[in-house]
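Let's take a friendly walk through a protein model.

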Amino acid sequence: MGQTIVLGVSGGIAAYKSAALCSLLVKSGYDVRVLMTKNATNFIQPLTFQALSKHPVVVDTFDEPNPSEIAHIAIADSASLFLVAPATANIIAKLAHGIADDMVTTTALAVQCPTVVAPAMNVHMYGHPAVQANLDVLRGRGVVVMDPGSGPLACGYTGKGRMPEPDDVLFVVDAVLSKTATLAGARIVVTAGPTIEDIDPIRFLSNSSSGKMGYEIAREAVARGAEVTLVSGPTHLAPVPGARMRYIRSTQDLLAAVTEAMASATVLIAAAAPADFRPSHRLPHKWKKSQGVPSVELVPTPDVLSTVAKSRAPGMILVGFAAETANVVEGARRKLEEKDLDLVVANNILDEGAGFAVDTNRVTFVRRNREVLELPLLSKAEVAARILDEVSALMHRDNES
Ligand code: CTP
């Protein structure tokens, strides 16, 4: 028998998605035990989950069919992972405050295993400070809180609040239960994509970073059990399931988001390509051609990595990238020294297969007090894995010293 997932379904319209999730978990080899709140049964019948999980579904805490055990304790003891999907604002509040007034919340207090929460609600409810504060309480307690998806919501609004897709929930469940969770407990911030510096309301300075490298690193770090914040500039990529997504626009925004995220993290992997310069001021109105050619004065933006490095806490690991077009190793070595980094992942963007928009990369690791390591042409997913192997080694080294 595989590992047991105890799936708590609370009362939101996304409860119907939970049926697909339950089916997917069963197909993936998990033994799924479903608990529902009474409100959830207004949206979907327990019989649906019973048929999919091949186990009875428990709704009533006082429904004790087996006199030799207490149902919520027996189910909690059997759990390898406790998953609440969808998690409404109400159940999130109860979980945060230890209220146990139904089968799902009572079992939540009794489990000894990791808990994953997949919120789903109206965009304004999700954004409410009470909900955000409750999610922070859960995160602080080690609960894995998934970011809801964005898009049209059942309430008619469009925005953040959709229950994460079943495939994405499965990815996070697999990651949390992974036996090879070499980064379990690590808190990692990854930056990705370009930044944008506005000239006027429609024109801007930016670069062609696709964000792919950073997104792959974030995905792999989640798969290895890390708690990941992905600070992303504008890209066309789907959010990384299980990562905390922070979207930014300018290099200044990037600095603010990274500084905030690093307050509770120990690793920064800076794969973003931030704009190094910005117009000294943003024109409030569109510059018209009839006004002639504008002259745009540029001023430097803050260097995010160097700023973090200057106030680094002991044991913090900083990884930078160096996209060069010549003298790759020398350029990377200079960045390692000047920005006070532990590892620089360098590449020549003129090399075939190593540019911005492709799925492969040919990189060289330039490391402190260690020899330069040249890797062959690899997929960006494989490069991500090699970078995280290095990060694990650095963390291990720090733990030993
Ligand atoms: N970086 C940063 N903040 C910036 C610019 C860059 O944190 N404002 C980070 C990038 O994310 C990357 C590393 O610094 O990890 C190197 O970026 P790169 O643009 O190659 O280096 P620069 O410091 O801008 O140096 P140069 O332009 O001289 O190559």
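A salt bridge is a side-chain nitrogen of Lys or Arg within 4 Å of a carboxyl oxygen of Asp or Glu. Keep that rule in mind as you look at this model, which is predicted.

## Salt bridges

How many salt bridges does this rule give? The count comes to 24. One of them joins the side chains of Asp147 and Lys160, with N and O 3.4 Å apart. Asp147 sits in the loop between β5 and β6 (149–152), while Lys160 belongs to strand β7 (residues 158–162), so this pair ties together parts that are 13 residues apart in sequence. Are the two partners buried or exposed? Asp147 has a relative accessibility of 14% and therefore counts as buried, because buried means under 20%. Lys160, at 25%, is partly exposed.

Another salt bridge links Lys212 with Asp359. Lys212 is found in helix α9 (residues 212–223) and Asp359 in the loop between β17 (343–348) and β18 (360–361), so the pair ties together parts that are 147 residues apart in sequence. Lys212 is partly exposed at 23% relative accessibility, and Asp359 is exposed at 52%.

A further pair is Arg362 and Asp351. Here Arg362 lies in the loop between β18 and β19 (364–367), and Asp351 in the loop between β17 and β18, so the parts tied together are 11 residues apart in sequence. Arg362 is partly exposed, with a relative accessible area of 35%, and Asp351 is partly exposed too, with 30%.

| Pair | Closest N to O |
|---|---|
| Lys212 and Asp359 | 2.9 Å |
| Arg362 and Asp351 | 3.9 Å |

Salt bridges can also link up into a network, as they do for Arg312, Asp340, Asp342 and Arg368.

## A patch of negative charge

Now turn to the surface. Asp60, Asp63, Glu64 and Glu69 gather there in a patch of negative charge. Asp63, one of these four, lies in the loop between α2 (46–53) and α3 (71–78). Its relative accessible area is 40%, so Asp63 is partly exposed.

## The five-stranded sheet

Strands of a sheet pair through backbone hydrogen bonds, either parallel or antiparallel. In what order do the strands of the five-stranded open sheet follow each other? The order is β2-β1-β3-β4-β5, and the pairing is parallel. β2 (31–36) and β5 are the edge strands, each pairing on one side only.

Next, 2 bridges join β4 to strand β5 (residues 144–145), which run parallel, and Val117 stands opposite Val145 in β5.

Is strand β4 (residues 115–119) mostly covered or mostly open? β4 is mostly covered, with 5 of its 5 residues buried. Thr115, Val117 and Pro119 point one way, Val116 and Ala118 point the other way, and all are buried.

## The eight-stranded sheet

There is also an open sheet of 8 strands, in the order β12-β11-β8-β13-β16-β17-β19-β20, and its pairing is mixed. Its edge strands are β12 (244–247) and β20 (373–374), each pairing on one side only. At the β12 end, 4 bridges join strand β11 (residues 227–232) to β12, and these two run parallel.

Which peptide bond is cis, with omega near -5°? It is the bond from Ala85 to Pro86, and Pro86 lies in strand β3.

Lys54 is not a glycine, yet its phi is positive, near 65°. Lys54 is placed in the loop between α2 and α3 and counts as exposed, at 66% relative accessibility. Asn369 likewise has a positive phi, about 55°, although it is not a glycine. Asn369 lies in the loop between β19 and β20 and is exposed at 77% relative accessibility.

Key. Residues numbered from 1 in each chain as written. Predicted model: local features only at pLDDT ≥ 70, side-chain atom pairs only at ≥ 80, totals over all residues. Heavy atoms only, no water. Patch = residues over 30% accessible without salt bridge, like charges linked within 9 Å, V, L, I, M, F, W, Y side chains within 5 Å. Areas by Shrake-Rupley, 256 points an atom, 1.4 Å probe, with all protein chains shown as cover. Lys, Arg positive; Asp, Glu negative; His and termini not counted. Charge placed at Lys NZ, Arg CZ, Asp CG, Glu CD. Buried < 20%, exposed > 50% of the residue type's maximum accessible area, 1.4 Å probe, protein only. Pairing = 2+ DSSP bridges.
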